[in-house]
Number of protein chains: 4
Amino acid sequence: MKVLVTGFEPFGPDSINASWEAVRRLPKRTAGIDIVAKCVPVVFGDAARIVEELIEREQPDAVLCTGVAAGRAQVTPEYVAINHRHARIADNEGFQPCDEPVVAGAPDAYFASAPVYAMAKACCEQGIPAAVSYSAGTYCCNDLFYSVRHFVQQRYPGMLVDFIHVPQCPEQVAIAGEVKPSMEPATAVRALEIMIEILFK
Amino acid sequence: MKVLVTGFEPFGPDSINASWEAVRRLPKRTAGIDIVAKCVPVVFGDAARIVEELIEREQPDAVLCTGVAAGRAQVTPEYVAINHRHARIADNEGFQPCDEPVVAGAPDAYFASAPVYAMAKACCEQGIPAAVSYSAGTYCCNDLFYSVRHFVQQRYPGMLVDFIHVPQCPEQVAIAGEVKPSMEPATAVRALEIMIEILFK
Amino acid sequence: MKVLVTGFEPFGPDSINASWEAVRRLPKRTAGIDIVAKCVPVVFGDAARIVEELIEREQPDAVLCTGVAAGRAQVTPEYVAINHRHARIADNEGFQPCDEPVVAGAPDAYFASAPVYAMAKACCEQGIPAAVSYSAGTYCCNDLFYSVRHFVQQRYPGMLVDFIHVPQCPEQVAIAGEVKPSMEPATAVRALEIMIEILFK
Amino acid sequence: MKVLVTGFEPFGPDSINASWEAVRRLPKRTAGIDIVAKCVPVVFGDAARIVEELIEREQPDAVLCTGVAAGRAQVTPEYVAINHRHARIADNEGFQPCDEPVVAGAPDAYFASAPVYAMAKACCEQGIPAAVSYSAGTYCCNDLFYSVRHFVQQRYPGMLVDFIHVPQCPEQVAIAGEVKPSMEPATAVRALEIMIEILFK
């Protein structure tokens, strides 16, 4: 089995992105499953194009895209991707879409095809705070999730796809006046491994 | 230099206490400072008596008591200990004081004698979320803080004293339906070491 | 123009439901728009059947269903209804669905057909905290929203449909040990009137 | 009986202050108790001087100072005033004290002399969210509280003194991107009346 796992590059004022900090620490292989890790840009559309090319080339059995969710205290596999872009800040190419679809004419939403409840439960059982989330937002995370899920629906209907949000890294919130939850990258890595292993059970 | 550091035993429904999980992982010595670690009971009055005896025996230069603060995302050195007990749940001996003083006739409050702003700042600079807190609550944490601070004021006026709250451990909040921030014990240990090292600078 | 507005009856430990507390205070008519108010049960499926019968009978131009969202500080028009039921507590008939669809074989989700961004913006401009929400949850609120939205899609494609969550009433959170945001019913009523008036602009 | 009640003028980016919005709506008399209302500046030291002059002139039986606490969802009578100034932003005269005492040489803290637990309980019983708070912060609110409490301790030892924080007004948080709890001024007024009436029972 092979899983493609992506993390995002930094954006906004940050010099690191907790999702890539976790993904880049993943082993090449866990429990007999090959892991292909990739860092993608925080750019509407571009991230999805890169992931879709990788899917074509790598032919993975599952795709787990990850991103950071400031303010969240848990690892949160996402239940639903929506066909909607609405950005509060510009992406890394300066693009700031407002109330527009990801793919014109496509369905309003897709549910994750990966077993999100089992994924969250397995993390909790291993002592890592996790919960299913019902909103991946309206920024580049949801954009990537929707695009890839739509692509896979058309081309690889049996492929497991999910998007997983991770909390910020401690160093990102170690700022006077900020009070935000965080999670060590090593803990997020364990969460990703646990969820990868549960994918095919 | 010698520092006495205490953590609390578990209480309520928990089988671990994040404060002792951190304190018991401290080295015996850091940056030339000896560390004496002690686990104390979650019992009004008793915890303080144990710490006061240890102070007499060990004659430390500083005393850092620690406890867990559910819901907090940061390591929080406390600014002030108040002469007040008001418990929402019973302590581990079944005692649940309501609106009464820690020490009858003693001052309403004492400020920490340790450099709390420098302690929080040093943690943040090392990438660990920390902030000065202005309330240690009204349960056994504040009780221990007030008692020890009062004792030291009378007997060892130059001794540095503070109480430090740490977030819960990830495994404590890895529960369906719970959404609380947490911190790895290893991260809390680093925070304590950083704060111990700053004490005498 | 005519708008059908629903609120929910109480459920769980509560003796009132903030949504019906607001809806029952609505005038019969605002800005030339007739308002038909209805209280519906917190029962999967039943609430939707009642609303669908009312739609057939009343032939409204818009349907705004409302519910209470404990923990929210704002009035939140919902962006998306999902084809998913997942209840943490049983409904008022004792039914507690787990990970199942609202309507088997129907689309994963529908977006609101009412202008949710304009609705939230109009409230804020009038001084009432409001924001678009991207998750109506997985309980009876989302169930009603999805069912009605799906029904209208099939039968009355031009009809405006949304679900609006309101905060709890102050008296619901005036409980020792609870810390939850709340909103006066009178304020929620104003929010609903503002949103009803914006529907046809 | 006579009660002096103060609220603060606006500060920072705000054009209103929820505390004065409540206090200025108080009646001149409630339950046979005369109410003297006063708006004070958000200036370290100055607010206290004005209140102390008013105490000398009016000779009230109780003094309730109020201020706004952004982020709080409840009316919170404060338990303790601390002898400490530490401002994150400058006051309305541009003064930004950092880690200094309110009154050099004075006690570290004073407890409120008003019955704060009874005050919070009475509000909750009337359906208004309230709770005792153990930190009035380190800005002008605590500064006024400590100064007045210290003054009264020296000059009018039997006088009841407290500081009460109220949530922001809805219109202050009706801003895109902001998610903060709020309370209608009319509700805060009722809370103040309830607490004034309980003072002498």
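What follows treats one chain, then the contacts between chains, then some individual residues.

The model is predicted. Begin with chain A. Chain A has 6 helices and 8 strands. Read from the N terminus, their order is β-α-β-β-α-β-β-β-β-α-α-β-α-α.

Now take the overall dimensions. Along the principal axes, the C-alpha atoms of chain A fill a box of roughly 45 × 40 × 25 Å.

Turn to the contacts between chains. Chain A meets chain C with 15 residues, and chain C also gives 15 residues. About 1400 Å² is buried between these two chains. Carbon and sulfur atoms give 64% of that area. Which residues of chain A supply the most? Asp108(A), Phe111(A) and Tyr134(A) provide 39% of the area that chain A buries against chain C, more than any other three residues.

How many salt bridges and polar contacts join chain A and chain C? The count of salt bridges is 0. For polar contact, the count is 6 residue pairs, with both residues at pLDDT 80 or more. Two elements of chain A give two or more residues to this side: strand E6 (80-82) and strand E7 (109-111). E7(A) gives the most, with 3 residues. By residue class, the side of chain A that touches chain C divides into 8 nonpolar, 5 polar and 2 charged.

Next comes the contact of chain B with chain D. Chain B contributes 15 residues and chain D contributes 15 residues. The buried area is about 1400 Å², with 64% from carbon and sulfur atoms. On the side of chain B, Asp108(B), Phe111(B) and Tyr134(B) lose the most area to chain D, together 39% of what that side buries. Between chain B and chain D there are 0 salt bridges. The polar contacts number 6 residue pairs, both residues at pLDDT 80 or more. Strand E6 (80-82) and strand E7 (109-111) of chain B each give two or more residues to the side that touches chain D. The largest share, 3 residues, comes from E7(B). The residues on that side divide into 8 nonpolar, 5 polar and 2 charged.

Some chain pairs stay apart. Chain B and chain C have no contact, and their closest C-alpha atoms lie 9 Å apart. Chain A and chain D do not touch either, with their nearest C-alpha atoms 9 Å apart.

Go inside chain C for a single residue. Thr76(C) lies in strand E5 (residues 76-77) of chain C. Is Thr76(C) buried or exposed? Its relative accessible area is 4%, under the 20% limit, so Thr76(C) is buried. What is Thr76(C) in contact with, beyond its neighbours within four places in sequence? Its partners are Ala131(C), Ser133(C), Phe163(C), Ile164(C) and His165(C).

Last, look at the charged pairs. Side chains of opposite charge can pair when their charged atoms come close. The whole structure holds 44 salt bridges over all chains. One of them joins the side chains of Glu21(A) and Arg24(A) at 2.9 Å, N to O. Glu21(A) is buried at 11% relative accessible area, whereas Arg24(A) is partly exposed at 44%. Glu21(A) and Arg24(A) are linked with Arg25(A) in a network of salt bridges.

Another pair is in chain B. The side chains of Arg49(B) and Asp46(B) meet in a salt bridge at 2.6 Å, N to O. Both residues lie in helix H2 (residues 46-58) of chain B, 3 residues apart, about one turn of the helix. Arg49(B) is partly exposed at 48% relative accessibility, and Asp46(B) is partly exposed at 28%.

The side chains of Glu178(C) and Lys180(C) form a salt bridge at 3.2 Å, N to O. Glu178(C) is partly exposed, with a relative accessible area of 26%. Lys180(C) is also partly exposed, at 25%.

Technical notes: Residues numbered from 1 in each chain as written. Chains lettered and ligands numbered in written order. Predicted model: local features only at pLDDT ≥ 70, side-chain atom pairs only at ≥ 80, totals over all residues. Heavy atoms only, no water. Contact = heavy atoms within 4.5 Å. Buried area = accessible area lost by both parts, 1.4 Å probe. Salt bridge = Lys/Arg side-chain N within 4 Å of Asp/Glu carboxyl O. Polar contact = N/O pair within 3.5 Å; in protein donor to acceptor, adjacent residues only side chain to side chain. Helix = DSSP H or I, 4+ residues; strand = E, 2+ residues; numbered from the N terminus. Nonpolar A, V, L, I, M, F, W, Y, C, P; charged D, E, K, R; others polar. Buried < 20%, exposed > 50% of the residue type's maximum accessible area, 1.4 Å probe, protein only.
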